[in-house]
Amino acid sequence: MSRKAAYRFLLGEIMTAFPGLEKEYGGCRLLTDCGFAGSSGESMISPFVKDALGKPYLPGHPEILFNLSHSKNGYAAVVVSDSAETSAVGIDIEARFPYRELLARKICSESENRMIREASSEDEKKRLLNLFWSRKEAILKCEGTGIRQDLRLVDCLCLSRSCELREEMNEAYTLVACIKRNRKTR
């Protein structure tokens, strides 16, 4: 599935889940900017807007929180319709990559590196490095910054209680969604 087709599908799913948006954005064809390679220069319209740091949102609909990710033939979206309980979401999908010690030292905090060093096998090191990478990206996308800082400063083993991670791994992909819950007031 092409990136264009995947985003069309995701947009269709969002429109189906939130029928009120169809009236507002019903004629949109999709995506952003000036199209993609192979789109023969077709101009595309999108209901999604990005803030100054690149986080997408739907103008006029702060109650709908969403985030998108793609990687090597994989696409993922997280959508939350009740922002009364949730303040932000982020998602990352990555094709699995081999363990590389240099990469681990470059992106992992001291506690994460310690866990990798103590892993019982190369497969476990690979699993942990892939998981830590996707956790960090989902967390930073949830925060709205994306990867704009030293990843060693984001320790995904020490998260705040308001941050919830949902994870799925298989031989091909690592998928992590980060949901930041609003604190309950008394």
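Helices (H or I, at least four residues) and strands (E, at least two) are DSSP runs, numbered from the N terminus. What you're looking at is a predicted model, where local features need pLDDT of at least 70 and side-chain atom pairs count only at pLDDT 80 or more, while totals for chains, interfaces and linings use all residues. Residues are numbered from 1 along each chain as its sequence is written, and side-chain values use heavy atoms, with hydrogens and water left out.

**View A. Pro98 sits in the loop between strand S5 (86-95) and helix H3 (101-107).** With 49% relative accessibility, Pro98 counts as partly exposed (buried is under 20% relative accessible area, exposed is over 50%, and partly exposed is in between, with a 1.4 Å probe and protein chains only). Leaving aside its neighbours within four places in sequence, Pro98 is in contact with Lys126 and Leu129; contact here means heavy atoms within 4.5 Å. Look for Asp123 too: it is 25 residues from Pro98 along the chain, and their C-alpha atoms are separated by 8.8 Å.

**View B. Helix H4 (residues 110-117) meets helix H5 (residues 122-143).** Two packed helices are described by the angle between their axes and the distance between the axes. Here the axes come within 9 Å and cross at roughly 160°, so H4 is roughly antiparallel to H5 (a label for angles over 145 degrees; under 35 is roughly parallel, 65 to 115 roughly perpendicular and the rest oblique). On the H4 side you'll find Glu112, Met115, Ile116 and Arg117, which meet Lys125, Leu128, Leu129, Phe132 and Lys136 in H5. By class, that contact has five nonpolar, no polar and four charged residues.

**View C. Ser69 lies in strand S3 (residues 65-71).** Is Ser69 buried or exposed? Ser69 counts as buried, because its relative accessibility is 5%. A polar atom of the Ser69 side chain lies 3.0 Å from the backbone nitrogen of Ile93. Neighbours within four places in sequence aside, Ser69 is in contact with several residues, including Tyr75, Ile91, Asp92 and Lys141.

**View D. Thr174 is found in strand S7 (residues 173-181).** At 0% relative accessibility, Thr174 counts as buried. Thr174 and Glu94 are 80 residues apart in sequence, yet 5.4 Å apart in space, C-alpha to C-alpha. Setting aside neighbours within four places in sequence, Thr174 is in contact with Glu94 and others, among them Arg96, Asn130, Ser134 and Met169.

Notes: Axes are lines fitted to C-alpha atoms, for helices over the stretch in contact, and angles run from 0 to 180 degrees between N-to-C directions. Ala, Val, Leu, Ile, Met, Phe, Trp, Tyr, Cys and Pro count as nonpolar, Asp, Glu, Lys and Arg as charged, and the others, Gly among them, as polar. A polar contact is a pair of N or O atoms within 3.5 Å; within protein, one must be able to donate a hydrogen and the other to accept it, and residues adjacent in sequence count only if both atoms are side-chain atoms.
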